[in-house]
2 protein chains.
Amino acid sequence: MAHDIGHFFYIGGNDSMDTAHKVHLLAQQKGYELQVIGVPKTIDNDLAMTDHCPGYGSAARFVATAIRGSGWDTMAMGESSPIKLMEIMGRNAGWLTAATALAREIPEDPPQLIYVPERGVSLEKFVDDVRYWYRRLGYCVIAVSEGLRNERGQWMGEASGRVEVDAFGHARKAGAVEFLERLVRESLGVKTRHDKPGYLQRSFTALVSPVDREEAYEVGRAAVRAAVAGETDKMVTLVRQAGPDYVVAMGLAPLAEVANHEHLLPPEYLNEEGNGVTEALLDYVRPLIGGPLPPYGRLAKHAVEKHVRPWPG
Amino acid sequence: MAHDIGHFFYIGGNDSMDTAHKVHLLAQQKGYELQVIGVPKTIDNDLAMTDHCPGYGSAARFVATAIRGSGWDTMAMGESSPIKLMEIMGRNAGWLTAATALAREIPEDPPQLIYVPERGVSLEKFVDDVRYWYRRLGYCVIAVSEGLRNERGQWMGEASGRVEVDAFGHARKAGAVEFLERLVRESLGVKTRHDKPGYLQRSFTALVSPVDREEAYEVGRAAVRAAVAGETDKMVTLVRQAGPDYVVAMGLAPLAEVANHEHLLPPEYLNEEGNGVTEALLDYVRPLIGGPLPPYGRLAKHAVEKHVRPWPG
């Protein structure tokens with residue numbers, strides 16, 4: 001009342017939508033007139049009622065580009081360091097990890113293996129999978145969700161009952177990728193390395209997906225229009241249209257149906273073995289990254305030879 | 001003899017040049033006619049006798065782009081997570097870490113602090129520096145070389161005498177960035193996070209510097225020409241020419257003078273306080289990254305609006 005606020009827009013993921021819904025309920029309870037509209041945004045892509053979430057397409061573009069380069073590096077290193085794991089953000093939802101499959105041009109390209117929280121994997125199966133590809137290609141690149149679980153649903157970082165002690169003497173849970181790296185090294189007896197792109201996944205602005213960027217603006221516009229039209233307690237949704245071309249319409253969903261539901265990868269997007277994704281997943285995610293991945297040396301098209309004087313001068 | 005090899009080209013850094021020199025000495029000793037030419041390539045940029053090394057310009061372009069995005073993310077997060085450290089490759093040489101300064105448009109931009117192995121820093125000074133920027137801007141982004149040392153020249157990871165115990169019960173040295181992250185968190189009492197781009201620094205092909213790429217080809221051409229011209233026991237060098245424009249010529253240096261020398265950052269490239277770089281460093285590295293950093297949303301120039309149907313439909 002003090003600030004005469006009539007509209008409340010909340011941009012974010014599950015927790016934010018839950019908060020927005022609670023703000024609506026509180027205003028209603030107090031008889032305070034307030035338009036509450038949620039605006040979806042999370043690289044986890046785990047909001048219900050929407051085809052996808054702004055932020056996801058750009059993060060997907062980044063992780064696919066990153067693992068392609070790191071995968072080529074691993075391929076080139078050969079026997080001296082043949083196994084590479086990359087830990088991708090996602091504690092419960094594997095959407096972003098699944099998107100690393102876009103890095104492939106042929107099925108044997110890296111990443112050869114993809115593991116997501118929706119499907120647990122036993123340590124034995126995991127090691128067997130890595131061994132298979134290592135024997136077949138001489139190297140193996142593996143994308144792992146930070147929230148990967150074992151076959152009993154326990155998080156990898158604590159599944160073994162093992163605890164790390166940090167430099168200050170404090171115990172902490174072992175990270176999933178550090179645990180698996182060590183496991184592969186000890187099981188296969190070969191040099192194993194990992195990448196953990198961390199916050200780069202959500203902040204690498206040089207690789208923003210143009211489709212994602214446009215949709216991020218559009219959900220904001222739709223939120224304002226919805227509020228002005230008298231809507232409240234709703235979240236803007238992206239509604240993919242049927243047809244051969246990628247077209248998305250703006251919709252609205254009740255915040256109560258969005259709040260605190262996690263939209264996880266459906267079974268049809270994961271292969272039977274639980275170590276990869278299906279064509280259906282690729283068809284889903286491909287339009288979101290806004291065109292093909294940047295080719296090697298894309299920026300090298302400029303004529304720059306004039307600055308180099310060949311030998312002998 | 002068995003394979004009738006007359007030319008030996010070795011692409012790499014310090015160790016590779018040392019090996020190439022030894023191969024030359026061995027061939028000489030055995031009276032075997034062999035042209036040995038070293039070809040420089042290391043993102044560490046620490047080879048002697050050459051202005052810089054192929055690989056460095058592209059890695060520099062990547063780390064500057066990465067810390068700019070992660071820095072904006074930290075700025076945007078504000079009080080909820082105001083301190084970010086990024087660990088950059090380089091055990092003894094801080095060339096790559098120093099290049100993160102290219103991310104700045106104004107002096108207050110991230111990274112506000114840069115620490116390299118060539119200059120040790122005490123834990124007290126480090127915490128004071130971070131506190132200064134945190135109080136001034138409300139956040140702080142710090143670039144740290146993996147090989148950072150304290151004021152007594154001890155590597156940060158072991159300077160405290162502290163040891164980590166991993167999930168398998170094995171002791172290991174604490175990483176520099178994990179140690180400093182914890183130190184800042186406990187000293188300032190604020191949420192502190194880190195990024196460790198790891199192998200992405202040397203493999204992110206989407207951000208290859210066109211200047212670097214051209215020079216990488218040219219040192220290869222020069223190596224073949226030098227061998228054909230009868231040269232041996234030499235490494236190809238890049239010789240920056242005097243003048244307002246960036247021009248580089250190909251040269252040759254004796255492998256014996258290159259092998260096992262580390263070319264570290266000279267004092268005039270580091271500020272007096274030991275927590276940043278000078279304009280001279282920026283002038284040195286700017287031409288190598290091949291043009292300005294990719295602007296935010298550069299790929300978003302395509303017209304993609306047609307795929308979006310605004311609300312209400």
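I started with a helix pair in chain B: α4 (residues 123-137) and α6 (residues 176-188) pack at an angle of about 65 degrees, and their axes are 10 Å apart. For my own reference, axes are lines fitted to C-alpha atoms, for helices over the stretch in contact, and angles run from 0 to 180 degrees between N-to-C directions. Helices (H or I, at least four residues) and strands (E, at least two) are DSSP runs, numbered from the N terminus.

I looked up the handedness next, and α4(B) passes α6(B) in a right-handed crossing. Here right-handed means that the near helix is turned clockwise from the far one by less than a right angle, and left-handed anticlockwise. On the α4(B) side I listed B:Leu123, B:Phe126, B:Val127, B:Val130, B:Arg131 and B:Tyr134 in the contact, and on the α6(B) side B:Leu180, B:Leu183, B:Val184, B:Ser187 and B:Leu188. Contact is taken as C-beta atoms, placed from the backbone, within 7 Å. Sorted by class, this contact has nine nonpolar, one polar and one charged residues. The classes are Ala, Val, Leu, Ile, Met, Phe, Trp, Tyr, Cys and Pro for nonpolar, Asp, Glu, Lys and Arg for charged, and the others, Gly among them, for polar.

**Ground rules.** I noted that this is a predicted model, where local features need pLDDT of at least 70, side-chain atom pairs count only at pLDDT 80 or more, and totals for chains, interfaces and linings use all residues. Residues are numbered from 1 along each chain as its sequence is written, while chains are lettered from A and ligands numbered from 1 in the order in which they are written.

**The parallel sheet of chain B.** I then turned to an open sheet of four strands in chain B, in the order β4-β5-β3-β8, with parallel pairing. Strands count as paired if DSSP finds at least two bridges between them. Strands β4 (113-115) and β8 (192-195) of chain B stand at the edges with a single partner strand each, so one side of each has no neighbour in the sheet. On average, neighbouring strands of this sheet are turned by 20 degrees against each other, direction ignored.

I checked one pair in detail: β4(B) and β5 (residues 140-145) of chain B run parallel over three bridges, and B:Ile114 stands opposite B:Ala143 in β5(B). The two helices from my opening entry come back here. Helix α4(B) lies across β3 (83-88), β4 and β5 of chain B and runs at about 155 degrees to β5(B). Helix α6(B) packs on the sheet too, touching β3, β5 and β8 of chain B, with its direction at about 165 degrees to that of β3(B).

I was pleased to find an open sheet of five strands in the order β11(A)-β10(B)-β9(B)-β2(B)-β1(B), with mixed pairing. Its edges are β11 (308-309) of chain A and β1 (7-12) of chain B, each with a single partner strand, so one side of each is left without a neighbour in the sheet. Helix α8 (residues 210-228) of chain B lies across β11 of chain A as well as β1, β2, β9 and β10 (248-254) of chain B, at about 170 degrees to β2(B).

I also followed β1(B) to β2(B): six bridges join them, and they run parallel. B:Phe8 has B:Val36 as its bridge partner in β2(B).

**Chain A in brief.** I noted ten helices and eleven strands in chain A. Of its 313 residues, 50% count as buried; buried means 20 or more other C-beta atoms within 10 Å of the residue's own, exposed 12 or fewer, and partly exposed in between, with C-beta atoms placed from the backbone.

**Single residues.** I looked at A:Val116 in the loop between β4 (113-115) and α4 (123-137) of chain A. A:Val116 counts as buried because it has 30 C-beta neighbours inside 10 Å. Leaving aside neighbours within four places in sequence, its contacts include A:Gly94, A:Ser145 and A:Leu270.

Two cis peptide bonds went into my notes. One joins A:Pro110 and A:Pro111, with omega about 0 degrees; the other runs from B:Trp311 to B:Pro312, with omega near -5 degrees.

Finally, I checked positive phi. A:Asp4 has a phi of about 50 degrees although it is not a glycine, and A:Asp4 counts as exposed, with 5 C-beta neighbours inside 10 Å. B:Asp233, also not a glycine, has a phi of about 60 degrees, and B:Asp233 counts as buried, with 20 such neighbours inside 10 Å.
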